[in-house]
Amino acid sequence: MEALLCSGNPHTPVVSHFTVLRGSHFDYERCLTLTRVNKEGLLTNMATTSEQRAQRLGRVLRPSAKVLPEHARAHNRALVLQQLFHFGPISRASIARATGLTRVTVSDLVAVLISEGLVEELGTQTAGRVGKPATLLGMRTSAFHIVTVDLTAGDIMRGGIVTLTGDVVDYREQPVDGQTGQDMTELVTKFCRLLVSASKQPVIGIGIGSPGVVDAAGTVVNAPNRGWYNVPLAEILTSTLGIPTHVANDADTAALGELTFGGADPDGLLIVTVGEGVGAGLLVDGSLVRGVNHAAGEIGHVQVVEDGATCACGRIGCLETVLSAPALHEALVNRSTEDAAAHLAYVGKLLGTLLSPVISALNIGEVLLSGPADVLDGPLRESVVETVNQRTMPAISSGLSISMATLGQDVVLRGAAVLVLSGQLGVS
Ligand SMILES: [Zn+2]
């Protein structure tokens with residue numbers, strides 16, 4: 001289907017038509033139909049700059065679903081964009097070789113993409129070639145923007161204006177002031193409108209990383225800290241602002257950010273996000289793990305302290321009651337440096353104990369901690385490493401890396417850009 005995209009900015013009104021794959025909502029299944037790129041075949045045909053760029057933009061998700069005939073053109077378009085995004089500048093012939101599409105199909109799709117302003121010709125490639133020089137193509141990655149919002153923290157919303165290659169070119173914060181439910185929805189809408197109007201380029205979509213359980217259509221099924229229960233946030237924002245909006249769990253969003261812009265390994269990544277609550281995102285064997293009820297990675301409400309504090313969910317001693325950012329900061333008030341380190345090591349041991357069977361069951365190779373570095377990066381992280389090493393067999397723990405998220409504070413903002421890239425352009 002076709003969707004009219006508008007910038008929402010009075011200075012840069014409606015700009016173009018983009019094909020939206022299977023509806024305007026973010027669709028992981030569609031995202032996963034993207035064919036894995038034949039990197040080796042391509043690399044031999046690319047300039048050095050393209051190789052560097054491919055490394056910078058990380059890896060792609062593995063295909064796991066069939067492509068239906070009615071989606072073929074959109075699928076092919078996504079294949080071409082995927083090549084340009086990860087390996088551009090690149091020639092039409094190289095795209096055809098890597099995707100298996102005919103040169104005629106590639107040329108037709110490229111012509112449309114050029115007319116939309118998404119792709120441009122960058123001159124010819126002559127070095128090391130025999131015969132007619134090939135025209136190189138590239139995506140106009142800074143000609144469009146994506147608006148992204150991170151709702152992980154309890155007291156503030158973080159907002160970004162992000163390029164198609166994940167660079168945050170403008171950053172804003174909005175105090176939450178204790179708002180929940182409908183008031184919070186209105187605050188998020190207002191913040192998104194502000195960010196869209198601040199963008200100096202046309203906005204192709206809005207991406208939001210929200211705490212809680214979020215389904216594939218961008219409905220927040222359950223986010224107690226926000227007072228959201230079955231709130232169709234993506235639908236509300238799409239219809240209110242007139243811009244395609246994609247919403248996903250914040251930890252899943254962080255995992256996609258680390259995959260696309262942080263070079264994380266998609267075969268076994270676990271990212272733990274610590275903010276107002278605690279969550280985890282998982283990439284296993286090239287796919288984002290979602291679970292039966294879209295709640296995979298919801299480790300925050302696993303009981304880790306038998307006689308612990310009452311949690312926001314009503315239960316006792318959940319991981320969130322000791323590991324959330326407010327819980328950690330509160331627990332350190334009036335403690336000596338030594339005491340503070342001991343407490344952080346204690347919480348790290350609880351987290352390591354909880355993660356060990358998960359790491360073992362899925363043979364995770366990389367664990368990333370995302371959240372306030374002042375409390376996470378130090379005795380807490382070191383204690384997680386020690387605990388996991390003690391509790392798992394060498395076949396699991398050897399080579400296991402447990403570190404802070406490489407994208408730092410921007411991980412959800414940049415990951416939310418991936419929601420839009422995959423939802424609107426088929427690029428991940
Ligand atoms: Zn709980």
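1. Two strands pair if DSSP finds at least two bridges between them. Strands (E, at least two residues) and helices (H or I, at least four) are DSSP runs numbered from the N terminus. E14 and E15 are joined by seven bridges and run antiparallel. They form a hairpin with three residues between the strands. Within this pair, Leu 270 has Leu 282 in E15 as its bridge partner.

2. On provenance: this is a predicted model, in which local features need pLDDT of at least 70 and side-chain atom pairs count only at pLDDT 80 or more, while totals for chains, interfaces and linings use all residues. Residues are numbered from 1 along each chain as its sequence is written, and side-chain values use heavy atoms, with hydrogens and water left out.

3. E14 and E15 belong to an open sheet of five strands, in the order E16-E15-E14-E17-E18, with mixed pairing. The edge strands, each pairing on one side only, are E16 and E18 (401-404). E15 (residues 278-284) runs antiparallel to E16 and is joined to it by two bridges. Val 284 stands opposite Ser 287 in E16. The hairpin of E15 and E16 has two residues between the strands, and Asp 285 there takes a positive phi near 50°.

4. E15 is mostly covered, with seven of its seven residues buried. Val 278, Ala 280, Leu 282 and Val 284 point one way from the strand, whereas Gly 279, Gly 281 and Leu 283 point the other way.

5. The zinc ion has four donor residues: His 301 through ND1, and Cys 311, Cys 313 and Cys 318 through SG, at 2.1 to 2.3 Å. Donors are N, O and S atoms within 2.8 Å of the metal (3.2 Å for Na, K and Ca); water is not among the atoms, so sites may look incomplete. The donor spacing in sequence is H-x9-C-x1-C-x4-C. His 301 and Cys 311 are 10 residues apart, both in the loop between E16 (287-288) and helix H10 (320-323). His 301 counts as partly exposed because its relative accessibility is 22%; Cys 311, at 8%, counts as buried.

6. The zinc site is tetrahedral, with angles of 101 to 124° among the four donor atoms. The criterion for four donors is that all angles lie between 85 and 135 degrees; four count as square planar and six as octahedral if opposite donors are over 155 degrees apart and all others between 65 and 115, and anything else is irregular. For reference, the ideal angle for four tetrahedral donors is 109.5 degrees.

7. A nonpolar core is a set of buried Ala, Val, Leu, Ile, Met, Phe, Trp, Tyr and Cys residues joined through side-chain atoms within 4.5 Å. The largest has 48 residues, of which Met 139, Leu 164 and Leu 425 touch the most other members. Elements giving two or more residues to this core include helix H4 (72-87), strand E5 (134-139), helix H9 (250-261) and helix H16 (411-425). H16 gives the most, with nine residues. A second, separate core of 35 residues includes Val 278, Ala 280, Leu 323 and Leu 350.

8. Contact means heavy atoms within 4.5 Å. Leaving aside neighbours within four places in sequence, Met 139 is in contact with Leu 81, Leu 84, Phe 85, Leu 118, Val 119, Leu 164 and Leu 425.

9. Helix H7 (residues 181-198) has 18 residues and reaches 26 Å from its first C-alpha to its last, close to the 26 Å expected at 1.5 Å a residue. The expected span is 1.5 Å times one less than the number of residues. Among its buried residues are Met 184, Leu 187, Phe 191 and Leu 195. What covers the buried residues of H7 includes strands E6 (145-150), E7 (156-163) and E9 (203-210), and helix H8 (233-241).

10. E9 also pairs with E13 in the parallel sense, over five bridges. Ile 208 has Val 247 in E13 as its bridge partner. In E13 (residues 245-249), five of five residues are buried.

11. Thr 152 is found in the loop between E6 and E7. It counts as buried because its relative accessibility is 10%. Leaving aside neighbours within four places in sequence, the contacts of Thr 152 include Gly 209, Arg 226, Asp 250 and Glu 276. Thr 152 and Gly 212 are 60 residues apart in sequence and 9.5 Å apart in space, C-alpha to C-alpha.

Notes
Buried means under 20% relative accessible area, exposed over 50%, partly exposed in between (1.4 Å probe, protein chains only).
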